[in-house]
Each structure stands twice: as C-alpha cells, then as structure tokens.
Amino acid sequence: MTLTGSEVDATREGAGRAGALVRTDPIRAAAVAMIVISVVWRTQIAFRGYLAADDYVMITQATESNLTVGYLLSLYNNHFMPAGRLLIWLVTNAFGLTYWPYALMMTAGQAVLSVAVYRLLRTLLRPSRLLLVPLGLFLFSPLTLEATSWWAVGANMLPMQLAMVLALGAQLKYVRTGRHRHLVSLALAVLLGLLFFEKALLVVPLVFLFTACFFGEGGPIRAVLTTLRRWWPSWVTLTAVTGAFLGAYLLRSESSLRRPDSVGEVFSFLTQLIGSTLVPGLLGGPWRWLGAGDGAPVVAPPELGTWIAWTVFGVLVLLTVRRDRAAGRAWTLLGGYLLLVAALLAATRLGSVYSGVAGGVPRYVSDVVVVAAVCIGVALVGIDRAGAGGSTSVVTAAAEPASATTHEQGPSAPTVTAPEPVRQPEPVAPRAVPLSSRVGVIHAEAPYDDGPAAEALAHVEQERGQPPLDESEPAPGPAPQPATDRDPAGDDRPIGPEANPADGTRPPPAPPVDWLAGVPERYREVVAAGLVLVLFAAMLGTAWTTSRYSDEWALKYGRSYLESARIELASAPPGTVFFDTPVPGGVVPELSWPYNLQSRFFAAAGSRPVFVHETENASVMDGLGRVQVAMIQGSSITPGPQEGCGYLVTDGRTVRMPLDKPRDDWFWIVRIGYLSSGDGTAVLRLGRGTHEFPVKKGLNQRFFEIGGGADAVELTVSGSADLSLCTNEISIGNPIPKPE
C-alpha cells in the first residue's frame, strides 16, 4: 500500500507532536504511555473472561423488571446501586445476555479513572519523575484486576474509585483557592460514588483525613481542630450529602452487621487481609492465585514472597520517614483509611461461612490502592506547596513572616536544601525573594537555598534585565498579600502570596528530589543499583501475577454452559420440553435461588427452553449444557408383591407403596411407569402433596411436579369398573440425564 502525500504529512506531523511532547514534558509522555499499556492489557484480560455468578442474577432481574424507580432503588444483596442497575437494564434490553458491552464499559471506566489519578498526582505532588512510581502502582496493581474484569465488581468499584479521586481533587482545589465552586464538585463526586455503591460513604472520612494529614497544622489534635475550623464548608457539604443518602438507604436496607465468632477470627482476618493480600499486592503480589470457580480467584501468596514484601514495605516506610517528616503523615493517612475498611469488612463479612477466606479477596481492598498511590506519592516526592499543578516550585526567604504561608503550608511542608553551598563557604544571612519572581512557596521555616535554585533564579532575573539582588539590600516589589485575598484572574491558581506571577515569566524549576542525599558518595552507585533492582523485581512480579490472574479468569464454566445450551436448543427436535430446575452450581450458586433456576437464567438468552409442569417425555440439560433424555434420581418404591406386575391398583382402591429412602418436604419431580388396562385418572399422594394425572391404556410413563415429603406414596385410580394398573416404577427426586 502506498501512502499519499497528505497521509505522509499527517504521519510526520503526528510523530512530530509526539516527539515534542516527549521533549517538553517527558513525565506526561511516560504517563500517557503507561495508561495506554495498562488499559489495553486489562481490556485483553477482561475479554478473555465472561459473566459470572452475580452478573447473571442482576441481568435476570433487569429482564423481569420495567425501568421504574422501584427497580432502580431496590437493593441487591443489601447493596444500593441505582446507577449500576440502570446500566444493566439498558444493556440487557438492547443486547440480551451478553458480555462485551460490560467489558467495554469497564474499559472506558478504567481509562477515565487512570487519567483522573494521573491528574490528581500531578496536581498534588512536587515535580519529579518519581511521580511515575505511584501512578504505575495504581495502573498495574493486581489488587484492582477484579474491578476491571468482573462486571459485578467493576460496576461498584470503578465508580467508587473515581469518586475518591475526584473528591480528593476537588478538596485539594478548595483548600488551595477557597473557591466555593469546588464544594459543588466535591458533593457531586461523592454522589457519583454513592449512586453505584454505598461503600462510597468512606470517601467522606477519607477527604477529612486527607485534609488533616496534609494541610492541618501541629500535632494530631491541633490538626483535626484546625481542619474542622478552617475548612468547615467542606464538612457541612459532605454531611448534607451523607445525611440525605443514609435517609434513603436505611429505609430500604436490612442490617448486614454480623458478630465475629471469636477474637481469633478477627485476628486471622486482619492478618490475611493486610499481611497476605494488601502488602504483597502493593509490591506485585500475590504471585499465586487460588481458583474460586467462575468468580475471581483469591490470593494464595507463597510465605517467602509475603516476608519479602513486608521487608521491602517496612524499609520504604522507614526511609521515607527518616528523609522527610511529612512522609509520616502520608503513612498515617494510609493506615487510617485501611483501619476504616478493615472495620467495615469485619463487621459485615465475619461470622459467616465465608469468613475464613474473606481476607484473601482482593476486591475488598481495591479502593485502598487509590489511597496507597496518593500516600506513597507524597512519601516519595512531597506535596507541591506552590499549588501550580506540578509545574513549578520556589523557595521563600526564612525571614518571610510565617503568617503569609500558614494557610497553605502546614507543619509538614517539605524543605529544599542544596546539596553543597556553591558560592559561599560560610553561612549567609537570609534574604527575600521578589514576589514577582515566584509562583509558590515552600515552608516558611526553610532556609534560603543558595544552591542551584538560587542560581536559576538569578539567571532569570538577569534575562529580564534586572540585576541580581544584593544580600545587603531590601527586596524590591510589593509586600505580600494575605492568603485570603482573591485572585482577580478568577481561575484555580493559588491566591495571595502563592499566586502565579503576572508578567508570565517562567520561574525556575524546583530542585529534583535527591533520594541519595544522605548516602556517602562511595556507596551511591550500589544503593541506586539496589533500588533499581527492587523496582524491576516488583515490575516482573506484577507482570507474572497479572498473567496468572488472566489465565484463571479465562476459565469460565458459565460461558461454556451457555454456548452449548444455545446450540443444543437451536437443534433440538420439536416437542422437547424441560422441568424448571437449577443450573449447575458452578454457573449460578445455589444461594442465589430462585435466580439459579433455568427459567430465570435463560430469560435474556434468546434461545429459551420450553418449561412444563407435566409431560410424558422430559428432557434435561446436563452439566455441559447438552440436551439429554431425563430420568429421576432420588427415592424409588420398593418392589411390589405381584409377580409380573409389582403393585396392582384397581378402581377406587388406594395402594400404599413404601420408598427405599424417605423424601423431605420439598418440591420434587415424579416419574411413574405403568401398564394400564384402560383409560382413566390417577391420584398420587406424597405426604401433604397430591397430584392428579391422566392414565392411558397400555405401557406408558408420566413426569410431573409435586410438593411434599414422606417415606411412602399412595396411588389411587378411577375410571371404568374393570380398570386396573400395574406399576413397579415410581421415582421421586430431581431429573438427571439418562445414561446412554
């Protein structure tokens, strides 16, 4: 194929733009590449799988319901998800029982969420290539694989994660600018999550912890009080949203709270949740999965891998806290949110038959990955106190009054220290920096950096035709304005002394984060190589874990069963009928009754079986979805006393026939094979249940449903005076395929 001149020009132009992006903003270029790789990879994983378990139940409910308020507000397993129900109803009514629309929606949600996480990190953190570490942790974490492949999970978790990111971003902008329009964004973000998942209520305490840890002043008590007092409009807004939601939710919900059986059960759960699932998952684990039928697998990490993950995680915490006290607040935020999640899970998942594996389910901590990415980013890079969206950062004089920066800084603001003095061998007195040459501030107590940042600032001043400041002269320019002043530009730039310069001059870039600042020069290469090796090992572990998950997720019993059943039903002869019995438990669990019945399962499938309550010839689908001749497995009558007849039943006479095994009181299928001298009517009784059926002359059989239970059946026939019926074949139980 030969390209035209315009196509060649367009290709060159696109390549030129990509090259320009890499040169001008390599961090953004790398982030875009990582997001594309993540979305494509996870889309491929999702399409290898299929619907599973709860998906079929929710699709059935959508098939059987009209699009009403009652349907949208009804709970599923006590979960409130009207927006999710709306999406399921629309897809089901448009495409029936199929999977690809849900996979596409999860792909779109993943793409939007990935971009939102990148923007939050870029806005919150100081400029640094290390920003790609928390971004990569979120994009490729195995703990979020369920949310991007299993619709029943993704319909809840993807919107909740997006709500978390948008709410934190809105609160960050409100803290930096004080503009009330961000309170509207904050409320809408929380509402978005609540429309898909009631667990999004955790976004409210997350926003408060985020604000208190990163922007509150002083110790824990003072930081909380400052956060409550200074940003009270946020808490009023969130309280109003939460109160309205709880009022609507509690009217419909039933209590999901359970009491753990013992303290040991709680300890085992927390050990499994944090020790075997979360920490290894943040570092590329669990490396090994345990299959769980059609649902997503649960973690089964090797013991050695768990200990290595904990060691690396502990070293990371210690190094970051030792390097910068602000990292301690980041780890406090992560621990606080994890405590909320663990408490919620312990109160709703323990004390049940599944409590033994509850801590090994990754989806229960998939929202923690968002918080972990933010906290690890802050611990590694630090918060961009300039508020310039990751573009700039400046150093403020030590002599500048602390009141000018208190509103935005907090005690945890990072300081910038030059590795070595360049011009002055002796300490120099602090000096002021002109307001017109900076766009933000670092902590007011930070000493003036007389190294690369100062040289870059002097260079900018020389290019603008201004001589470098003499340390003995006072700083020119207007005095700083209070932090409460409004920015006349009306945008989201920081207000007061953190406002961007009006003359458009590009300020000097912030000094890069020197992670090896405390390492002696002779050991730096070894330490750097070790850090790269650990990062590379985590990447390999993530790739391995994700590939193993993909293999497990691709094994879908329900897909094979449904595809075979569709083919068999399309080719079945006329008159093929079935009793409405459950589908295999591996497709829809028995706990989902009555939505595991075939009539419910195939309601949206297009090709549907014909279901009857009584027939002469019944068919059944085996475990593979193939249509087979039916027989009854259960209890049978003991052989009758009449040779060549079994039990002889004559007109008007009732005969009792003992069963070889008693039947519990339930709904059963009965098969009777008989030889009759003429036409008539028969009545069979099983405990409280009775059923009347027609009798035909000759050798015949009959299948019918009955509800009851006993250790014997009674049979009565009526018709002509000389009517007699012989039978030695009465079975009561469930239909199964007849052996060939």
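Let us start with a sheet: four strands make up an open sheet in the order S7-S12-S9-S10, and their pairing is antiparallel. Strands here are DSSP runs of E with at least two residues, helices are runs of H or I with at least four, and both are numbered from the N terminus; two strands pair if DSSP finds at least two bridges between them. Strand S7 (654-658) and strand S10 (689-695) each have a single partner strand, so one side of each is left without a neighbour in the sheet. On average, neighbouring strands of this sheet are turned by 20° against each other, with direction ignored. Such angles are taken between axes, which are lines fitted to C-alpha atoms, for helices over the stretch in contact; angles run from 0 to 180 degrees between N-to-C directions.

Stay with S7 for a moment. Five bridges join S7 to strand S12 (residues 712-719), and the two run antiparallel. Across this pairing, Thr-654 stands opposite Thr-716 in S12.

Before going further, please keep in mind that this is a predicted model, in which local features need pLDDT of at least 70 and side-chain atom pairs count only at pLDDT 80 or more, while totals for chains, interfaces and linings use all residues. Residues are numbered from 1 along each chain as its sequence is written, and side-chain values use heavy atoms, leaving out hydrogens and water.

Now step back to the whole chain. It holds 21 helices and 13 strands. Of its 740 residues, 50% count as buried, where buried means under 20% relative accessible area, exposed means over 50%, and partly exposed lies in between (1.4 Å probe, protein chains only). Among contacts (heavy atoms within 4.5 Å) between residues at least 6 apart in sequence, 76% join residues at least 24 apart. The accessible surface of the chain comes to about 34300 Å², and 62% of that belongs to carbon and sulfur atoms; areas come from the Shrake-Rupley method with a 1.4 Å probe, and for residues only the protein chains shown count as cover.

On that surface, Phe-47, Phe-95, Trp-100 and Leu-104 form a nonpolar patch with about 400 Å² of accessible area together. Patches are made of residues with over 30% relative accessible area and no salt bridge, joining like charges within 9 Å and nonpolar side chains (Val, Leu, Ile, Met, Phe, Trp, Tyr) within 5 Å. Leu-104 belongs to helix H6 (residues 100-124) and is partly exposed, at 43% relative accessibility.

Finally, look at the charges. The whole structure has 17 salt bridges, each a side-chain nitrogen of Lys or Arg within 4 Å of a carboxyl oxygen of Asp or Glu. In one of them, Lys-696 meets Glu-616 (2.7 Å, N to O). Lys-696 lies in the loop between S10 and strand S11 (698-708) and Glu-616 in the loop between strand S3 (614-615) and strand S4 (619-621), so the pair ties together parts that are 80 residues apart in sequence. Glu-616 also forms a salt bridge with Arg-702, with the closest N and O atoms 3.4 Å apart. That pair links the S3-S4 loop to strand S11, 86 residues apart. Arg-702 counts as buried at 14% relative accessibility, whereas Glu-616 is partly exposed at 27%.

Elsewhere, Glu-729 and Arg-671 form a salt bridge, their closest N and O atoms being 3.1 Å apart. Here strand S13 (residues 724-737) provides Glu-729 and strand S8 (residues 666-676) provides Arg-671, 58 residues apart.
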